[in-house]
Structures are given as C-alpha cells and as structure tokens.
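Please view the sequence and the model together while reading.

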Amino acid sequence: MERIRVIFKRELAGYFATPIAAVFIVIFLMLSGAFTFYLGNYFVRGQADLVPFFDFHPWLYLVLIPALAMRLWAEERRSGTIELLLTLPVTMWEAVVGKFLAAWCFTGVALLLTFPMWITVNLLGEPDNGVIFASYIGSLLMAGGFLAIGSCISALTKNQVIAFVVSVVICLGFILSGFPLVLELFSGWAPQFLLSAISSFSFLTHFQSISKGVLDLRDILYFLSLIAFWLFATATVIDMKKAE
Amino acid sequence: MTTMVEINNLRKAFGSIVAVDGVSFTVGKGEVVGFLGPNGAGKSTTMKMITGFLTATSGTVRVCGHDVQDDALAAKTRIGYLPEGAPAYHDMTPASFLTFIGEMRGKRGDALKRTISETVEKVNLQSVLDQPIETLSKGFKRRVGLAQAILHDPEVLVLDEPTDGLDPNQKHEVRTLIRAMAQEKAIILSTHILEEVHAVCSRAMIIAKGKVVSDGTPAELEGQAPTHNTVLITVSGVEPTLAHDRLMMVKGVKKIEEQGKDGDRVRLRIYSDDGQWILPVIGQAAREQGWEVQELYQDRGQLDDVFRLLTTPQQALS
C-alpha cells in the first residue's frame, strides 16, 4: 500500500509538472460549460437541475479521458522507465493501481472544479442536491471506467496516437452498447441472453440510472468491477509485452 | 568468497529466436564482472533477467539466496540496476527523482535526505539537482541513472553500459566510483569498451549468440590472443629479408611477420614456439648482429583480437 502511495504521488505531481494538467482542466471546464449552456439549453429549460450538464459527460470523457490515459504506459515503454519502475521493489499490481489512481484522482480534481455549476443552480432555484451528488459520483465512476480501458490500451503500444484512437473506439463501444447501432450487429444471430448482456454493459444505462439520484449498488459494482477487470488486463498486457 | 548472484542454465527465447541460451555463472562479493559481446549477443537480456524485469524461459537466478521470480521483492531490494540508456522520468528534477526512488526503496525523512546527499556527492550531481532531467547533458543523465542505482547501497549492482556516451573524464570518474564500491558488492556491468575491462573488471565474460564463450580474468583473456607473448622488434640498418633469416635461426622462434618499413627501419613481429619467453634471446641476437635496436617489447595480446576471434564464427573456424 505504501508503495502505491509513492507511485500515486509521483504520477499526480507529474500531471502538474507538465502543461497536461492546465490544458486538460481548462478544456474540460470550457467544454462542459459550453455543452451545458448551448447544446443543453440550460436556461431555456427553466428547471433547477444539472441534467444537461451531466448528460454530456460520457461524450466529453470519450475524447478527453483516452487523451489522458494514452500516456500512462505507452510513455513508460517509450522512454524505458518501465524497466526502472518494475525493477524497483514493487509488484505489478501496485504499479498498475498506483498509476491508475493518480489519473483517476486527477479527473476527480477536474470534476470538482465544476463546482460553480452546482453553486449557480442553487442560486437560481432549488435543485435536488442529492441527485446532483449522486450524479457526481456516477460521473467519477464512469471516468474511472474510461481510464481503466485507456490504461490497458496504453499498455499495448508505445505509440500514444494509436493508444488514443483505439481507446476512443473501445470506449465508444461501451457507451453505445445499449444502442441499436451496436445491438444490431448482434441481433439476428446472437442469442437473446447475449444481447441483454451486451446492452447491460452500456456505460450510459448505468450512468443514467445513477444520475436519476439512485445510487444503486449494482451500478456502482458494475463500474468497480469494470475497472478491476481492465486493470487486471493492463497488468497482464504489460507482463506479456514488456520484452518488446 | 560469498556468492551473491547465482545463475543456473538461464535461457530466454522470444518466439523462435533464442536470445540467451543456457548461461550459468556465479558472482561473488568483491567481484566486478564485465559482460562483453557484440550487439544482440544477449548481454542486456541476461541483465534484464537478473534484475527480474524479464521472466526467463527456463533456468534460475538467485540474488543473495532469493529467487528473482519466486521471491521477487526480496531479490529486488538487494539489486541496484542501471538499465540501458539510463532511463529516468524526464519531467522530474534529479532531486525529486531520487526522492521518489528512495521512497520506493522504503527510505523516509532524515535517512532519505542523508542518503540522497551522500549519493549526489558520490556522482557529482550537486550543480544540477533542481533542473529538469530532460534539460541535462548526456553525462549528467547517466549520472542520475547511476545515482538511483546505488542510492540504497545495494549488495548487487547491475549496470548496463554505465559509461556509454560519457567523455573520457566522466568515464574515468565512473570507473573510479565503480572500483571504490567493488570491495563491498558484487558488480555486473556490460560494455563495448575493451579498455574498460582492464580498468575496472576483475573478471571478463564474453557472450556471443546467447552463450558464454569465455570467462576469466582480463589477463587470461589476453592469453587467448594470437599475438599473446609475441615479440615486436624495430631495427635499423639491415635488410628485412636478412633480419628475417637471421632471427629465424634463433632457438624458439616459430614464425616472423614483417609489420612494416619506415625508411631503413624494419618492424617485425616474432612468434615463439608454445608462447615461450624469447624476448632476451631476440635482443641478444640483434646485438650480436650489430643492428641498431629502436624498439623491443613483448606484446601481451589485444583483447580486441580475442573478442573478434570468439565472437565472429568465420575466424573461430580458421
């Protein structure tokens, strides 16, 4: 645990030592604001909630999170520091979890900085703050899911561009897996239970159910087990590919 | 001598390519072992398996009695490793980088500070401690890598090309540092520079195509050179053919090669039967003939020649 903390600290400091932190946070805040007010018709709706704000999070994450995750392992492999890191007295899972937690915490900071939105809605009306709180939790969990996928893809390649593009496609698949676009690929030949399994993998379904204000354990478990699975895959991929 | 590193029949295959093929050796405390070999011979792969970065296809590595695979953490705490190219997190400064490494090695507070300042002094990093590593010169980057490897005063030190890219002064500093640490540690280093073997290694190991083809002291290696114990003589005032014929009559001389002519000076390399000590008799013969001897010495043999002989198949056959 102690070594996870040391890796976590170094990684997190790394975001702030480079322009990554500033660029990511500014873009995230600008885009989330723009989406909410222009595309989400925040004022026109005349309702005191943050639904238009959270509705765009999956799409915002789709582009921003793979950009954050692409360097996680690809950079270590390209610069050779992976050899340094993994020959320190640390286990593979400590390294994978430490780096992941730092990236997750960083997106948490970005998310936290959207607090003026919450304040605004409280000034304008009387929103259900429980729902907003749940939505924040849901958004953070979803960000973790995207990051874990990105972490695994980043471990597959030294090339950050490839890591980014592939992560976006896979994340898109997870967002859309409840939609006809994906389901129609399977309907017709796949059995019904597989179809419902695929649609139950949708980030959107789980996120939307949380952002209705219901922190259902199943939704939380969904995201946590998804993260665990992809981090496990990350460790496996690193182990397989570290010779290259 | 305490055995620190024990390698037994180590093998690593990448698909159908065998990078390391049945390497076995032990390294004791106080030894500095130099890995020599052409690029792609398996030096780095062997080092990566010793440090536990790569998993061996078969065979075992034990560091201070701990298997690097089954008891990885215990083995890793005892190893300091400088990977090829001295990688480091480039957005960090040497100070923050060494703090990170120290914390990963379990050091905290004052002990950590003391260790870092001692190590920084050893490798002369004081002047650049707070500059980002990416802005440092190659020599400084290498020293940062060396500093992280020796930070926790490890019992076993594995250095992959520690002096690569350094200028002669820096090379000298690094070699002095390695020699100073040698007593207390087992050190394995790889190098392309054969003079380095003389400068720091107590033992040299030549690796070719994944196998150890020679293992001995630098002097023993030189003994395998074709020119080992040959005598070089430069005389003036005599025809080369005449000099050749006269010297062939000296007892113990097997073969004479003309090495070149410069004005009336003739340079000859004289091979003896079975590597006999023929320097005095050659000198005597030259004086008796009344030749003017410009130069007369015994060649110990060149490591380069041994290296080529052992690592290029064509020459090994002939």
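## An open strand in chain B

Strand β12 of chain B, residues 253-262, lies largely in the open, because one of its ten residues is buried. A residue counts as buried here if 20 or more other C-beta atoms lie within 10 Å of its own. The model is a predicted one.

## The hairpin of β12(B) and β13(B)

Strand β12(B) runs antiparallel to strand β13 of chain B, residues 265-272, and eight bridges join the two. Within this pairing, S272(B) of β13(B) is the bridge partner of V253(B). The two strands form a hairpin, with two residues between β12(B) and β13(B). In the turn, G263(B) has a positive phi of about 65°.

## Two crossing helices in chain A

In chain A, the axes of helix α5 (residues 57-69) and helix α11 (residues 160-176) come within 9 Å and cross at roughly 150°. The crossing of α5(A) and α11(A) is right-handed.

Helix α5(A) contributes P58(A), L62(A), V63(A), P66(A), A67(A) and A69(A) to the contact, while α11(A) contributes F164(A), S167(A), V168(A), C171(A), L172(A) and I175(A). By class, eleven residues of this contact are nonpolar, one is polar and none is charged.

## The contact between the chains

Chain A provides 18 residues to the contact with chain B, and chain B provides 20. On the side of chain B that touches chain A, α2 (72-77) and α3 (94-104) each supply at least two residues. That side of chain B comprises eleven nonpolar, five polar and four charged residues.

Note on methods. Residues numbered from 1 in each chain as written. Chains lettered and ligands numbered in written order. Predicted model: local features only at pLDDT ≥ 70, side-chain atom pairs only at ≥ 80, totals over all residues. Buried ≥ 20, exposed ≤ 12 C-beta atoms within 10 Å, placed from the backbone. Helix = DSSP H or I, 4+ residues; strand = E, 2+ residues; numbered from the N terminus. Pairing = 2+ DSSP bridges. Axes fitted to C-alpha atoms, helices over the stretch in contact; angles between N-to-C directions. Left-handed = near helix turned anticlockwise from the far one by under 90°. Contact = placed C-beta atoms within 7 Å. Nonpolar A, V, L, I, M, F, W, Y, C, P; charged D, E, K, R; others polar.
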